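Visitor: I would like to learn how to read a fold, feature by feature. Please walk me through a model.

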Amino acid sequence: MQLHICENYDALSAQAAAEVIELVKRKPDAVLCLASGDTPKLTYSVMAKIATDQNVDFKRCTFIGLDEWMGISPDNEGSCHYFLHHYVFKPLNISNDHIHLFDGLSANPEEECRKMDKIISDTGGIDLMVVGIGMNGHIGFNEPAESFGQYSRVVDLGESTKLVGQKYFQQQTSLTTGITLGLNHLLESKKAILVANGSKKADIIRKAVKEKITPHVPASILRNHSNSHVILDRAAASMLNQER
Ligand code: F6R
């Protein structure tokens with residue numbers, strides 16, 4: 001795992017965006033999995049701007065959804081669907097046949113999971129994942145647990161995820177379960193980038209990066225990935241030197 005500490009959120013976002021652009025220039029049909037959430041918003045805006053300015057074409061890329069809230073419609077502004085269309089697919093002009101997202105309204109979420117696993121294996125695997133980290137160390141909706149492992153699955157959301165998740169919604173919303181890629185997908189991706197900013201992430205970043213690799217801090221598994229990068233601003237990195 002490589003650690004990159006940037007001066008601020010702008011610099012972190014510019015670096016993460018540059019990594020995605022570099023890949024798509026080199027491999028125009030790359031398979032990308034991009035998280036939603038507050039952290040990568042600026043990364044995607046910068047990425048879309050560079051794509052326009054430098055004529056980098058994402059139209060041949062395949063996009064794989066990382067996760068979705070179960071029971072939430074794609075039209076809901078808090079859904080991962082809505083986020084990705086707004087920040088990524090519309091600005092980059094991606095056609096629907098290149099987009100594979102979990103259906104949070106599916107009557108058969110287990111089948112939805114197997115479908116996603118097959119799509120990923122049919123593409124030959126994910127080239128790049130850009131992920132955030134939850135306050136409890138989750139990646140996607142892989143909540144703290146007794147074991148890592150797993151491919152796509154339906155999960156009961158942790159208390160902090162239900163609580164923090166309210167920030168994405170206009171009104172109080174019942175969040176109980178999520179559907180997510182598993183940590184095996186992360187480990188098998190050719191490259192993984194975790195972005196985190198702000199002092200509120202400093203403690204969980206310290207746990208993920210410095211303390212033992214444990215499923216109780218799912219993001220710590222990135223240290224078992226041969227090509228993983230953690231890109232932080234100074235505030236998120238501020239507890240890395242503290243002894244516990
Ligand atoms: C979103 C996702 C989540 C977020 C994480 C951090 O698709 O998978 O794991 O990446 O909760 O969210 P923010 O960036 O809002 O702090």
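Guide: The buried residues of α7 pack against β1 (2-6), β9 (191-196) and β10 (228-233). Helices here are DSSP runs of H or I with at least four residues, strands are E runs of at least two, and both are numbered from the N terminus. Contact means heavy atoms within 4.5 Å. The model is predicted: local features need pLDDT of at least 70, side-chain atom pairs need pLDDT 80 or more, and totals for chains, interfaces and linings use all residues. Residues are numbered from 1 along each chain as its sequence is written, and side-chain values use heavy atoms, without hydrogens or water.

Visitor: Which residues of helix α7 are buried?

Guide: Helix α7 spans residues 202-210, and its buried residues are Ala202, Ile204, Ile205, Arg206, Ala208 and Val209. Buried means under 20% relative accessible area, exposed means over 50%, and partly exposed lies in between (1.4 Å probe, protein chains only).

Visitor: How many helices and strands does the chain have?

Guide: The chain has 7 helices and 10 strands. Its radius of gyration is 17 Å, close to the 18 Å of the globule rule for 244 residues, so the chain is as compact as a globular protein of that length. That radius is taken over C-alpha atoms, and the rule is 2.2 Å times the number of residues to the power 0.38. Along the principal axes, the C-alpha atoms fill a box of roughly 50 × 40 × 35 Å. Of the 244 residues, 55% count as buried. Among contacts with a separation of 6 or more, 80% join residues 24 or more positions apart.

Visitor: How do I read a pair of packed helices?

Guide: Two packed helices are described by the angle between their axes and the distance between the axes. Here, the axes of α2 (residues 41-53) and α3 (residues 80-92) come within 9 Å and cross at roughly 10°. Axes are lines fitted to C-alpha atoms, for helices over the stretch in contact, with angles from 0 to 180 degrees between N-to-C directions. Helices α2 and α3 are therefore roughly parallel to each other (under 35 degrees; over 145 is roughly antiparallel, 65 to 115 roughly perpendicular, the rest oblique).

Visitor: Which residues of α2 and α3 meet?

Guide: From α2 come Lys41, Tyr44, Ser45, Met47, Ala48 and Ala51; from α3 come Phe83, Tyr87, Val88, Pro91 and Leu92. These contact residues divide into 9 nonpolar, 1 polar and 1 charged. Ala, Val, Leu, Ile, Met, Phe, Trp, Tyr, Cys and Pro count as nonpolar, Asp, Glu, Lys and Arg as charged, and the others, Gly among them, as polar.

Visitor: Now the core. What should I look for?

Guide: In soluble globular proteins, nonpolar side chains tend to be buried together. A nonpolar core is a set of buried Ala, Val, Leu, Ile, Met, Phe, Trp, Tyr and Cys residues joined through side-chain atoms within 4.5 Å. In this chain the largest core has 68 residues, and Leu32, Met47, Phe58, Phe63, Leu181 and Leu194 touch the most other members. Helix α1 (residues 9-26) gives the largest share, 7 residues. A second, separate core of 8 residues includes Cys80, Phe141, Val155 and Leu175.

Visitor: Where is leucine 128 found?

Guide: Leucine 128 is in strand β6. It is buried, at 2% relative accessible area. Leucine 128 and isoleucine 193 are 65 residues apart in sequence, yet 7.6 Å apart in space, C-alpha to C-alpha. Leaving aside neighbours within four places in sequence, leucine 128 is in contact with residues including Val20, Leu23, Leu32 and Ile193.

Visitor: Is phenylalanine 148 buried or exposed?

Guide: Phenylalanine 148 is buried, at 18%. It is found in the loop between β6 (128-131) and β7 (153-156). Leaving aside neighbours within four places, its contacts include Leu183, Ile213, Pro215 and Ile221.

Visitor: And backbone angles?

Guide: Most residues other than glycine have a negative phi. Asparagine 55 has a positive phi of about 55°. Asparagine 55 is in the loop between α2 and β3 (62-64) and is exposed, at 71% relative accessible area. Asparagine 93 also has a positive phi, near 60°. Asparagine 93 lies in the loop between α3 and β5 (99-100) and counts as exposed, at 53%.
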